[in-house]
Amino acid sequence: MTSDKPQEHTRHTGPASPSVVTVDPPKVNDYTSFAAAYTAENETNLINAHYERPAMLALAGDVAGRRILDAGCGSGPLYAALRDRGALVSGFDASAGMLELAHRRLGDDADLRLADLGGPLPYADDTFDDVVASLVLHYLEDWGPALAELRRVLKPGGRLIASVDHPFAINLMHRQEGRAAEYNYFDTTNWTEEWTMGGQTALMSLWHRPLHAMIDAFTAAGFRITVISEPEPDPAAAELFPDVIADKPRFLCFLFFVLRADRTASED
């Protein structure tokens with residue numbers, strides 16, 4: 001949240017600057033190790049349940065009858081919301097533990113697959129009308145292969161709706177923590193933070209990249225940007241988190257994009 005960005009998936013519902021820790025390579029981004037605690041937090045907190053997810057749904061709009069891929073679907077809250085709105089949804093995640101929880105939520109017949117966003121995806125070309133990529137791209141150093149695969153599985157003219165850490169908020173957080181020299185806004189840099197939820201801790205490794213690098217990656221992959229959004233929280237947040245919203249009714253935390261998969265010359 002601007003200068004006081006909260007951790008994405010901790011029990012902090014208000015502004016807080018996450019501490020960066022030095023990793024000496026224990027496993028990072030191991031969602032399976034804390035899948036249940038993460039899912040419980042994600043269901044009700046401010047920035048996921050009442051900021052990021054409503055914003056993604058608003059950008060998706062009327063999805064009835066559309067085939068949608070939930071990239072990095074986790075335990076399936078966005079998948080479920082899209083399905084409730086009439087979409088035909090498929091999802092994948094790299095965490096087997098998260099997919100187990102997703103099956104519990106969505107049913108055994110839900111189309112859920114174990115796959116890594118950075119590798120080949122188990123879907124045919126031109127399969128989906130939309131892809132939603134909710135808070136997943138910022139785990140990748142190189143967006144190129146992932147965006148190429150998402151472009152491949154989208155129908156010509158299809159949409160990629162994505163949310164990522166807001167680069168200005170991340171840079172401001174580093175500056176306030178005295179790390180400006182180490183984390184220059186214009187560089188693509190890796191940083192690691194410790195998340196705590198449900199009495200469990202996990203080390204999360206994320207990548208900051210400046211806005212121009214995001215745009216360059218999107219356009220290089222054949223996407224055309226149609227929307228860049230910095231939304232308000234869901235109106236219900238004012239009642240559920242009155243002190244936080246009274247202090248910061250609007251804030252920078254995530255950045256949202258709607259992109260179109262441009263047709264190539266061979267598709268025209």
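I started with who gives most to the lining of the largest pocket: helix 2 has the largest share, with 3 residues. I'm keeping in mind that this is a predicted model.

Next I checked which other elements take part. Besides helix 2 (46-60), I noted helix 1 (35-44), helix 3 (77-84) and strand 2 (88-93) as giving two or more residues to that lining.

How many residues line the largest pocket? I got 30. Nearest the pocket's centre I found Y31, G72, D93, V136 and Y139.

I then looked up the space in the largest pocket and wrote down about 620 Å³.

I sorted the pocket lining by class too: 14 nonpolar, 10 polar and 6 charged residues.

On to the cavity. I asked how many cavities of 30 Å³ or more the structure holds, and the count came back as 1. For the largest cavity I have a volume of about 40 Å³.

Which residues line the largest cavity? My list reads H138, W143, V164, D165, H166, P167, W207, H208, R209 and M214. I traced these to elements as well: strand 5 (154-165) and strand 7 (200-208) each supply at least two residues of the cavity lining.

Methods:
Residues numbered from 1 in each chain as written. Predicted model: local features only at pLDDT ≥ 70, side-chain atom pairs only at ≥ 80, totals over all residues. Heavy atoms only, no water. 1 Å grid on protein atoms, 1.4 Å probe; cavity = no way out; pocket = protein on both sides within 12 Å on 5 of 7 lines; lining within 4 Å. Points joined across faces, edges and corners; volume = space filled by probe spheres on them. Helix = DSSP H or I, 4+ residues; strand = E, 2+ residues; numbered from the N terminus. Nonpolar A, V, L, I, M, F, W, Y, C, P; charged D, E, K, R; others polar.
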